[in-house]
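Student: Could you take one part of this structure and walk me through it closely?

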Amino acid sequence: MEEHVGQVWDKLVTRLSDKSFKDSVVTLAQISKPLGIFFRALGGDNALRIVESTATQHFAKRNWKHRVAGTGKYVELSWQDEDTLHLPKQINVFPDTALNKDLYYWLAAINAHTLENPSAKARGLQGWFVYSQKITVEVLERFPGLQSRYERLVKAYLQLRNIDEHFNEQEQSQEDAIAEALTKPGCIEQLPTSQYAPKPVLLWPHPNPPEVIDLSSRSKQPDSDAEGESEPSKPEQNKKENKRRNAERVDMPDGKDGLILHRFESIFGFSEFLNINRSTEDDDEADQDKADQNADDMDFLSVARDNKTKGGKVKFDLDLPAESIDEVVLESDVLLPEWDYKKQIMQKDFCSVINYVHNTGEEGKLPENLRRTAKRLRHQLESLTTKRIWHRHQSEGSELDLDAYINYMGERFSGHKVEQPDLYQQLRSTERDLSCLLLADFSLSTDTWLSNEARIIDVIRDSLFLFSESLQNTGDQFSIYGFSSRNRGHIRFNTLKTFEEKYNGIVRSRIQAIKPGFYTRMGAAIRYAAQKLEAQDTQQRLLLILTDGKPNDLDRYEGRYGVEDTRRAIHEAKSKGLQTFCITIDDQGGEYLPHIFGTNGFTIIRKPEHLPQKLPILYANLTTNPS
Amino acid sequence: MSTDTQTIEMPFYSPQGNEESLFEHAYTNQLPVLLKGPTGSGKTRFISHMAAKLNVPLHTVSCHDDLTASDLVGRYLIGDGQTVWNDGPLTCAVRDGGICYLDEVVEARKDTTVVIHPLTDDRRILPIDRTGETLHAPDNFMLVVSYNPGYQSMMKGLKPSTRQRFISMSFNYLKPSQEQEVIEQETGIDAHMAKKLVAMANALRQLKDHDLEEGASTRLLVYTARLINSGFDPVEACLAGLIEPLSDEEDVVSALMEVVYASFGK
């Protein structure tokens, strides 16, 4: 009973204190695509990802309703850091949907703008106050069309801002200053101080953006002893929320100085460190859900790293490059550069590639279940082997079509009045002079189970089989490589089929033997593959990249660093006259893929299990000249 | 294919750099020229301007993917009871002298390079197999080709062996102030509006390669400015003249319209 009453009361006061408008809510998910385009058009950085911001505590005075209900402590504001733009998850400030949407666009606009004088971005409350006005002025100056929208927003916002609020004199003058600054930005230079922080201003950037550590990312310390066990995730685990949590990285407490000199009744709550093995897969999915929920409930997370991994150690060792007798190193210590976007320099001889071939000594056979599809695809792709043929009855052509001409003349002389038919013939060759290098991602993430039967690596294996089967009769040159990496010194390049080799049992056995391992240092792999492909003396050279996710590696090769390096590698390949195309099964890829590969340089396969059948068809479409 | 021989008054052209003098030097030294740059950045306008300036006839051939060597050189047509040889635009230009401008040359079929190559080296000849003739280009003949490195389809590109036969010039979008001037000059629109349009176009150009295949060209800006100048609603004019031509995807169009509203208000 008590619990029930509590729940009802909670509902009641929460509803009373909640001033948002449920019916007119606009969520970020609804408009993130156009918003992203708008953001980039107004000068925002192309490489930034848009994510939902975490609610942050604002420390402003709350009105009595909020205090009773225990709500209103947090507010979602916007800010950006190195590789993300944070925007509120949803906006329901105004009763009018259009206004809520306008607010999103306004936030995107102020975040896209960089101040003409960047040093003006001062810290602290006063700095924020001046900065916010300044950015408003500059944005409105640059895009005068936003003026009316801004005015509408301010008008509606000021009306709603102070409902239910009671201010003392100091607070009132602070409020007045803010209202004045919103209406006539740039007019007030000093914010009057008061006991509390001012109420958050939803139209302005975040006063002190939290420094965020992405919990899903591994340690940024390069080469620490902690062996980052990669996470072979479970099927359907993809419901991860596109949200980041407030967190800090702290030292691991040793648990020896934990004496609390307090009477316990005075402590309302306390937090403690729990040793949870979060790096590895949780066996129970419910467990994971609970952990997610707990993390959501906590105000702040402190994460420590004790560099001890349980169980993972064993697995890791098993995955070490088994220098088995079957593996023949073709080329080792190939040094390649890497692009550092922060310093904007190319780091010479930064990565080392080892190219090996895995010969099992057996003749592999095409798996039984693929035979039928292979046959069908071979048939379909036969059209790629076109010969030079005379096209007759053309309206234009290099030669006269004598048959047509004789017929025509015959008819004319015999007294028929006929219209002049198409009398030319043309020798048309759709000659293909093409070589294609298929570069597949063998990183450990491909160990993920897609369904109960197949992992991503199995899908990739099938794809490689069907790709080779379909291409072997077309006369196109092709080669297949796989890659994975562990730090910059160890990029493994697995040769499955070179351009010179024939597709035969040995190649099949190599494809059969592929297995996932390590990470995805894509830039180096692309550079090395580009070298191989460049040596091919054909008119068209196509580099096809098959992957399941973002570039990442143990060290700082993740997030934007990896994306920028890969983008650079693609640009280099293009400038060598190679064509590049990426096929990915990462459905989150829409965010970073255009940045790396260009608008038309990639495709996302939504249903990975269709990849094997789709790959050859995609190849055919890519390489067929529509004319 | 359009072939026109025009020596009318000099079309307006606002130079980006030293391209005029470079072109003149190339002309006096009988060197072929390759113009590259995004669509609507003034390549074609530049050529008509230079042809008028040098006072030579201009033969323009817009290349398309069905354009063959015989379209350029010429072919036998069937006349009344006999076949008649008919010169193609390239042959015409070589016979008459002047600038022969092959627009978007990558679009043409591969066999066209065969007839272009002997004209681009020091031989400057055009062999015509069909008639057994070999034409020698006159002193005032100049071959100019253009292409847009941005949007080549996967299978189209200019072969290095072709590229390396030309003096190359790059065209790009103009600086904002200069572009504004061009738009005012071309359309007579007022400076304020021209400035807004240019700012917006530059915003849209930021989206190239990421969200759009190609940024808004100066040509599109001129069209839009003309619409506005003749009294059409600015926002609608931008939709028709700038946004719709850039994308077919509905949500991209609506996002781009937000950029328009950011300049023109809503």
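Student: How far apart are the end C-alpha atoms of helix 4 of chain A, and what span should its 16 residues have?

Tutor: Happy to. A word on the source: this is a predicted model, in which local features need pLDDT of at least 70, side-chain atom pairs count only at pLDDT 80 or more, and totals for chains, interfaces and linings use all residues. Residues are numbered from 1 along each chain as its sequence is written, while chains are lettered from A and ligands numbered from 1 in the order in which they are written.

Helix 4 of chain A covers residues 97-112. Helices here are DSSP runs of H or I with at least four residues, and strands are runs of E with at least two, numbered from the N terminus. The expected span is 1.5 Å times one less than the number of residues, so the 16 residues of helix 4 of chain A should span 22 Å; the end C-alpha atoms are 23 Å apart, which agrees.

Now for its surroundings. Because 13 of its 16 residues are buried, helix 4 of chain A is largely enclosed by the rest of the structure. Buried means that 20 or more other C-beta atoms, placed from the backbone, lie within 10 Å of the residue's own.

The largest nonpolar core has 140 residues, and those touching the most other members are A:Ala109, A:Leu439, A:Leu543, A:Leu544 and B:Leu204. Helix 4 of chain A gives the most to this core, with 10 residues. Such a core is a set of buried Ala, Val, Leu, Ile, Met, Phe, Trp, Tyr and Cys residues joined through C-beta atoms within 7 Å. In soluble globular proteins, nonpolar side chains tend to be buried together.

From chain B, B:Leu204 touches A:Ala41 as well as several residues of its own chain, including B:Gly215, B:Leu242 and B:Val259. Contact means C-beta atoms, placed from the backbone, within 7 Å. Apart from this core lies another, of 41 residues, with B:Leu72 and B:Phe141 among them.

Methods
Buried ≥ 20, exposed ≤ 12 C-beta atoms within 10 Å, placed from the backbone. Contact = placed C-beta atoms within 7 Å. Lists of a residue's contacts leave out its neighbours within four places in sequence.
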